[in-house]
Amino acid sequence: RTPRASQTHSNRYEMSAFTVATSAIGVTAKVTSKIAAKKTAAAPLSARAAVSGVSAKAFAARSHAKVASKAAAARVATVFAADKPDRSNADAPDAGKGQKIMILGGDGYCGWATALHLSNRGYEVAIVDNMCRRTFDDQLGFNSLTPIKGIHERVRVWEEVSGKRIQLYVGDICDYEFLSAAFQAFEPTACVHFGEQRSAPYSMMDRSRAVFTQTNNVMGTINVCYAIKEFAPECHLIKLGTMGEYGTPNIDIEEGYITIEHNGRTDTLPYPKQGNSFYHLSKCHDSANMLMCTKTWKMRTTDLNQGVVYGVATPETTMDDRLVNRLDYDAVFGTALNRFAIQAAVGHPMTVYGKGGQTRGFLNITDTCKCIQIACDNPAPPGEMKIYNQFTEQFSVNELAALITEAGQKLGLDPQVINVPNPRTEMEEHYYNAKHSKLQDLGLEPNLMKESILESLLTTVVKYKDNVDQRLILPAVNWTESASVGKTIAKV
């Protein structure tokens, strides 16, 4: 549709942040990529990383990691002794009958697995995506370890294999005209919002990517809130946030809200946020905007502060090789445990940033899918924003490396560990105790980090290890060196 003259100015500012930012990035990337590549290639490993110097067999956190894993399992067993909602039919082929779920970012790592999970259980699913995650790989010279198919083929294969159809809307949620048309066409009962730039290192590369991250994420979420208000007022918004919004405070992290007594008065308020990158701060802004919209427009909203996701296989993605999920191993988009597994499989030392005491919450990709399903089945009342901390157990980076070491050795691998200078500005040793009981109270049965899960992940990685470009493994984005000039870290 051609805009009227009076609309032209306003539409210009509703252009996709992705469209605006990538054009600028692409120009500057060509100028610097070869220079950056030559510098990286010329530097020996010893110059780029301080080798801790030992086989991972002697890694100090190993025994502690096993104790932590067993303790987590014991805590979960205790939790499930209490009464839980009956979710015995959650995996039935008609479990989601009558629900229409729109998944924003359904071509991504979490979104694709979730779309198949829900579709396989009778939910009517639509994917909305502009494929910008694939474009990031093209810009930076990255690749998924697993050979993922294009979104159109993925959806076609899913219908061929399962007999169930997923609707597809290709476009940008920052384009409100497109988003409103998608909402009116599909009429969702719930909207699962994965559709954001999700990498902290990407947001810290340079000014243009910082601006893109904040503009894309915050503007996109505001558009979604308006689309729900105008076209689907009963739609339940399920937004993926991050545990990184909280930072690492020296007190327990509550699930979204904290009750405070001050000068003789008491109130329950949103838990303080301490985002440590432009990405994390965009999530903080999202949460604040959503809370305001929820109260003002009586929306139904759930904010899921997700921990670090690991794994690649779900029951649905293993039904056909063409349905395989993406698996990132580079230092920009790869998450810690997945990167360690890939490094161990290809014989590259696992790269522990700094002291390795950084502690975070983790969950398996299968649990991400289950949590989303639980959220869909338990919508918030109008005017209320539920907040859940979506993870199942917590580990330090050192503990992760120790767990991969043990699992790798059972498969005949010889994982090694190196400590590299920490590119992030963060505490490397700290207190961390985050509450995460609400989803379990609603029936989540966690798939904890057992040896079998790690061995399965490593087996998948070994299958595709020839696809690894080891030049992409070491960190190349430094928080303190983020510059106003666009750059790329592609190793060419």
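## Report on a predicted chain

Because its relative accessibility is 44%, Arg156 counts as partly exposed, a class that lies between buried (under 20% relative accessible area) and exposed (over 50%), as found with a 1.4 Å probe and the protein chains only. The model is a predicted one, in which local features need a pLDDT of at least 70 and side-chain atom pairs count only at pLDDT 80 or more, while totals for chains, interfaces and linings use all residues. Residues are numbered from 1 along each chain as its sequence is written, and side-chain values use heavy atoms, with hydrogens and water left out.

### The chain as a whole

The protein chain holds 16 helices and 15 strands; these are DSSP runs numbered from the N terminus, with helices being H or I of at least four residues and strands being E of at least two. Of its 492 residues, 55% are buried. The chain exposes about 20,600 Å², of which carbon and sulfur atoms supply 54%, and such areas come from the Shrake-Rupley method with a 1.4 Å probe, where for residues only the protein chains shown count as cover. Among the contacts with a separation of 6 or more, 83% join residues 24 or more positions apart, a contact being heavy atoms within 4.5 Å.

Seven strands form an open sheet in the order 4-3-2-5-6-9-13, and their pairing is parallel. Strand 4 (166-170) and strand 13 (384-390) stand at the edges with a single partner strand each, so one side of each has no neighbour in the sheet. With direction ignored, neighbouring strands are turned by 20° against each other on average. Helix 13 (residues 365-377) packs on this sheet, where it touches strand 2 (100-104), strand 5 (190-193), strand 6, strand 9 and strand 13, and its direction makes about 145° with that of strand 6.

Two of the pairings can be followed in detail, where pairing asks that DSSP find at least two bridges between the strands. Strand 6 (residues 236-242) and strand 9 (residues 300-306) run parallel and are joined by seven bridges; Gln306 in strand 9 is the bridge partner of Thr242. Strand 2 and strand 3 also pair in the parallel sense, over five bridges, and Met102 has Ala126 in strand 3 as its bridge partner. Strand 3 is mostly covered, since five of its six residues are buried.

### Helices that pack on helix 14

Two packed helices are described by the angle between their axes and the distance between the axes. Axes here are lines fitted to C-alpha atoms, for helices over the stretch in contact, and angles between N-to-C directions run from 0 to 180 degrees. Helix 12 (residues 336-346) and helix 14 (residues 397-410) pack at an angle of about 40°, and their axes are 10 Å apart. Helix 12 is therefore oblique to helix 14, given that angles under 35 degrees count as roughly parallel, over 145 as roughly antiparallel, 65 to 115 as roughly perpendicular and the rest as oblique. Their crossing is right-handed, which is the name used if the near helix is turned clockwise from the far one by less than a right angle, anticlockwise being left-handed. In this packing, Ala336, Leu337, Phe340, Ala341 and Ala344 of helix 12 meet Val397, Leu400, Ala401 and Ile404 of helix 14.

The axes of helix 14 and helix 16 (residues 451-463) cross at roughly 70° and come within 9 Å, which makes helix 14 roughly perpendicular to helix 16. This crossing is right-handed, and the residues of helix 14 that take part include Leu403, Ile404 and Ala407, which meet residues of helix 16 including Leu454 and Leu458.

### Selected residues

| Residue | Relative accessibility | Class |
|---|---|---|
| Met131 | 15% | buried |
| Asn120 | 22% | partly exposed |
| Arg156 | 44% | partly exposed |

Arg156 lies in helix 7 (residues 151-162), and its C-alpha atom is 8.5 Å from that of Ile166, ten residues apart in sequence. Asn120 belongs to the loop between helix 5 (109-119) and strand 3. Leaving aside residues up to four places away in sequence, Asn120 touches Pro93, Trp158, Lys164 and Glu316.

Most residues other than glycine have a negative phi. Met131, which is not a glycine, has a positive phi of about 65° and sits in the loop between strand 3 (124-129) and helix 6 (132-140). Lys298, also not a glycine, has a positive phi of about 55°, and its place is in the loop between helix 11 (278-297) and strand 9.
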